[in-house]
Amino acid sequence: LLALCISSGLVYWWATDDYAPSQSHEGVNAQVASVSLNDLDRSSPFLDTQETQSLPVVSLYRYLPGAYAGVLNSCDITRELAPRLRPIINELANKKFDDDFSSLVDDLRTEELKENPDAWAILGLLHEEHLVPDVEHTLKSNEIAFELYSDSSKEGSMIGNWLLARAYRNEFPHSRWLESNSALDDEIFEKLTSQEKWSHPTGFLLKQLYADTLTNEDLDEFDREVLLRQALEECDTWSTRTSLGSFLVSFYGVQSDQGMEGLALLESADDPLAQEILGDLYDKGQNIGITNQELIDYEKALSYYTNAARQGDPDAAIKAFHKLRNDPNYPVNDDLAKEMLELAVQLGNWDAFSWKALHLARGSFGYSKNISLAIQYTSHLEVFQRGDGSINGEDLATELEFMIQQLLLEDSISTTNLDATTALGENLIRILRDLGYSGRLASAE
């Protein structure tokens, strides 16, 4: 096997550092009920089902529904909502990312709310983060979320209008944007965030979204700052603080008065995204190409990363893992590193999947050796390419090459795992052929 591995020429790569069709709420429920096993994308079909686990198919930011519910409460947006919906949003605002949301889903589906466009919007937010048990960890959940946003907006919900604009801004769901008309999408986004809607209680959220699309080519950056300051003045919440703070730091640099104002806004926002940004600042002390050595504080950076991760930020979790494992400026703490890795895996970060697959294949870093699960985690990376596009074709090919090489070093391998390894190789060949990498393709074949 070793000779075969060497002769194969595999590269050893050490990984480090337009609206949707209108559909009633009842129609969406029927769609959920009709989901088949083929829609789930939960695991690789060639593995022993006793060895497989239900895995995320996109990166998940499950703290956002609760965080946004808090924004709706703090800025009097809920005052105009149906009385039955208000306590649901209150409860949602107190949820943590790893809580059970099933009772809230049931409440939003009751007879009283099933025809309420605002309730559709909130239910869509839960679908977006795969918090609805019927379709958890499926790409179908993303499609349902977009349909709920679209129908809610068309029925006059300004919450639905904002969430639909946010979906267009973030190109969600990824599968739709692969084949969409970008010019038409831009036109729809402009209508959803048009100035005549800024007078509504959700107007500050629309200003934020609109401001985030502005560049030097579109408008003077200072006009972007004006919009973000207006949004903060209209509703002082973590969302507006983080948006303005991030802009001030990135545009002016932390060494400026405006940058220090931005730093203070981020520190007071107390949300995972702001904490992740702060972790980056204290880790690098750098913005707009200027290094502020006095700002570097690795202890603070690690604290911000881990706090954000424990509140449900997968990006902060994987950053903390890498700092603890690969950066000499950070302490060696394998227990904390493994906690961060598991959080990142739980929340669908593909890089975390890669590292866990490696440790499962080797039986290292406190993981028991499990070739079947190692193969499952590696083969599952392709789902992220379809799900949210977080991994590109080149990185995917590299990950498959690496795992195949690792498996070829095994003294023995079961028939099931050999078939699974062959399937990895077939996927690798297809990806390399699509990329046009003739050299690596020959080796893979």
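Predicted model: local features only at pLDDT ≥ 70, side-chain atom pairs only at ≥ 80, totals over all residues.
Residues are numbered from 1 along each chain as its sequence is written, and side-chain values use heavy atoms, with hydrogens and water left out. Local features need pLDDT of at least 70, side-chain atom pairs count only at pLDDT 80 or more, and totals for chains, interfaces and linings use all residues.

**The helix pair**

Helices here are DSSP runs (H or I, at least four residues), numbered from the N terminus. Helix 13 and helix 14 pack at an angle of about 150°. Their axes, lines fitted to C-alpha atoms over the stretch in contact, with angles from 0 to 180 degrees between N-to-C directions, lie 7 Å apart. The two helices are therefore roughly antiparallel (over 145 degrees).

The contact (heavy atoms within 4.5 Å) includes Trp238 and Tyr252 of helix 13, and Gln258 and Ala269 of helix 14.

| Helix | Residues |
|---|---|
| Helix 13 | 238-252 |
| Helix 14 | 257-269 |

**The disulfide**

The count comes to one disulfide, a pair of cysteine sulfur atoms within 2.5 Å. Cys75 and Cys235 form it, with their sulfur atoms 1.4 Å apart. The pair links distant parts of the chain, 160 residues apart. Cys75 sits in the loop between helix 3 and helix 4. Cys235 sits in the loop between helix 12 and helix 13.

**The serine**

Ser243 is found in helix 13. Is Ser243 buried or exposed? Ser243 is buried, with a relative accessible area of 18%. Ser243 touches Gln208 and Leu228, not counting residues up to four places away in sequence.

Note on methods
Parallel < 35°, antiparallel > 145°, perpendicular 65-115°, else oblique. Buried < 20%, exposed > 50% of the residue type's maximum accessible area, 1.4 Å probe, protein only.
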